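Please consider the complex shown below, with attention to its confidence, its interface and the strands that take part.

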2 protein chains.
Amino acid sequence: MKVGEINTPALLVDSKTLAKNIACMTKARPGASLRPHVKAFKSSVLAKELVSAGHENFCCATIREIEGMVAAGLDHDLLLANQVVNTTRLGALMDKKSTRITVAVDSEETIQSAKSGGISEVLIDVDVGMPRCGCHPNEAGELAKKARDAGLNVRGVMGYEGHLMHEQDHQKHENGITRSMAKLEAAHADVGGEIISGGGTGTWESNTLVTELQAGSYVLMDTEYARLDLPFEQGLFLLTTVISVSGRGHAVLDGGLKAVAMDSGPPSLVGQGEVMYCADEHTGVTGGSWKVGERVLLRPAHIDPTIAKHETLHVVEEVADINDGSVLDSWPIDLRGW
Amino acid sequence: MKVGEINTPALLVDSKTLAKNIACMTKARPGASLRPHVKAFKSSVLAKELVSAGHENFCCATIREIEGMVAAGLDHDLLLANQVVNTTRLGALMDKKSTRITVAVDSEETIQSAKSGGISEVLIDVDVGMPRCGCHPNEAGELAKKARDAGLNVRGVMGYEGHLMHEQDHQKHENGITRSMAKLEAAHADVGGEIISGGGTGTWESNTLVTELQAGSYVLMDTEYARLDLPFEQGLFLLTTVISVSGRGHAVLDGGLKAVAMDSGPPSLVGQGEVMYCADEHTGVTGGSWKVGERVLLRPAHIDPTIAKHETLHVVEEVADINDGSVLDSWPIDLRGW
């Protein structure tokens with residue numbers, strides 16, 4: 001299939017950029033020192049590209065992601081890096097002896113949930129500064145004891161410094177990571193275990209404490225991460241078609257906010273002109289010259305929720321070749337939903 | 001099934017509110033004077049509730065919506081209220097003699113597209129003030145002539161005053177509608193045909209020109225529309241579970257911006273407290289008291305893109321009965337995608 005034959009709106013993955021991003025991260029964090037986060041791309045087929053690069057352990061944010069990874073045979077070592085109150089569905093996946101699922105816990109309730117659902121391995125989730133999940137660092141040791149008393153294998157700690165992922169001030173970024181990771185290191189000293197899990201695309205180089213980095217966005221990037229000085233390049237695009245050209249100077253594309261996430265701002269236009277607005281199924285563009293039927297690319301501001309809106313990632317040889325370029329493969333986005 | 005057994009995050013529809021909203025609109029706009037817009041709710045089962053209320057003609061925004069409505073047997077009179085550059089998929093639906101599909105056109109290209117794809121009926125889409133699709137009102141007559149010369153049946157005009165949907169100043173709202181509809185009326189005089197299609201939930205009462213109102217959001221509403229003085233009530237909620245409670249005073253819900261649209265702002269919390277932030281799979285709340293495992297409801301700011309993120313609408317007897325309430329039905333959101 002040619003790119004020009006794809007129904008729009010549709011997501012395109014630039015195969016060369018994807019390969020370069022994967023290689024760059026694998027060089028710095030080979031094998032198990034990277035635990036790629038599938039929440040960013042929600043495709044078990046893309047995850048298999050990471051297995052080919054040497055990464056067998058994965059990080060998930062939802063039960064559906066875990067279920068999909070197990071169904072795809074990628075069940076070597078899956079971490080649900082999130083709290084789960086009902087682990088019945090996870091427990092049902094533990095039939096095969098080779099399936100390994102670890103969940104994050106930060107309370108007595110989530111320890112009991114892991115236990116009662118049939119999950120036997122946990123990480124203690126530690127609050128390292130972002131106001132989300134995680135116990136107070138001082139409480140991590142006590143929670144680990146409770147988990148072990150409940151018969152669970154405590155593999156170590158997890159702490160996500162998400163509040164620093166997009167910090168552009170270098171000194172604030174570095175100091176923040178130092179402070180956050182000091183908390184995680186102290187908690188780890190109390191908890192024990194071989195794993196210190198954390199970090200992400202935005203702290204990939206500065207976070208030297210974690211034994212495994214939970215990065216996902218680096219594989220395809222977005223305009224939000226592109227503001228940082230990272231070696232990874234943007235490889236995800238929304239392909240749209242111009243459906244209307246107005247005498248008032250604007251044109252309308254057939255992909256809108258149902259096709260591209262708006263939480264981190266509107267998408268950016270590739271080529272001349274700029275985005276005026278995104279409506280449900282339309283994006284208005286201005287400052288350029290377009291013809292009805294022409295194809296136009298947008299760069300998403302935030303890839304995770306953008307990918308979650310789609311069924312398919314179309315992998316192309318060269319994203320700039322918007323009409324006659326070859327579609328190398330079409331990967332299902334099989335891990336979305338809950 | 002009880003509401004308490006639903007996996008979260010999940011969308012709940014309050015059945016009584018839905019019934020009230022439908023009845024209220026049907027009273028004002030019975031039968032064919034309403035062409036409900038399925039883009040708002042993307043469920044052919046919900047559309048059947050509107051058929052039961054007397055509305056057989058529907059409005060769609062995407063080819064996928066048209067395909068789904070035809071598959072569900074709701075093909076009496078479908079309007080694709082959008083420009084389509086490639087109508088091959090629509091033409092493939094025209095096998096049955098009873099299937100009626102009309103598309104909006106605003107250019108020679110879209111007229112040719114309708115013709116070449118096998119669509120025989122069109123509306124001339126007119127720009128009535130919002131910078132989106134639609135020809136200049138003065139050009140509508142000429143386009144209608146071109147469409148008729150191409151052998152198409154021109155059923156009338158369409159003009160969407162979307163820029164006025166959320167205008168809260170009553171006088172600006174009324175004056176704007178008067179100006180917009182004067183343009184549409186003039187275009188209709190040049191075009192002819194029995195249909196003047198337009199309007200929406202926000203202009204449901206003030207737009208007295210249109211022969212058919214294209215409203216959809218009124219069936220379930222959202223916090224954005226709730227700011228207006230409308231008789232319709234909010235009937236859609238995101239059901240979430242508290243997965244973590246922090247000593248810092250916040251709690252974390254298991255639904256985030258992948259489960260609720262952020263283009264019109266974050267969702268609102270039902271009950272005590274307020275939303276701090278939405279992350280990919282989490283919503284942070286503060287100013288209240290929560291326990292791990294407790295269920296919490298959020299009201300979406302914008303229903304259309306929120307529903308498009310989900311697979312199912314769970315219809316409940318009483319949304320306030322968050323644990324023991326009965327799930328009356330679970331409707332697939334079968335019209336999403338493109």
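Two strands are taken to pair if DSSP finds at least two bridges between them; strands (E, at least two residues) and helices (H or I, at least four residues) are DSSP runs, numbered from the N terminus. This is a predicted model, in which local features need pLDDT of at least 70 and side-chain atom pairs count only at pLDDT 80 or more, while totals for chains, interfaces and linings use all residues. Residues are numbered from 1 along each chain as its sequence is written, and chains are lettered from A and ligands numbered from 1 in the order in which they are written.

The pLDDT, the predictor's confidence in each residue from 0 to 100, averages 96 for chain A, where 100% of the residues score at least 70. For the complex, the predictor gives an ipTM of 0.96 and a pTM of 0.97.

Strand 9 of chain A pairs with strand 10 of chain A in the antiparallel sense, over three bridges. A:Val245 stands opposite A:Ala251 of strand 10 of chain A. Four residues lie between the strands of this hairpin, in which A:Gly249 takes a positive phi near 105°. Strand 10 of chain A is also joined by four bridges to strand 13 (residues 283–286) of chain A, again antiparallel, and there A:Leu253 has A:Thr283 as its bridge partner.
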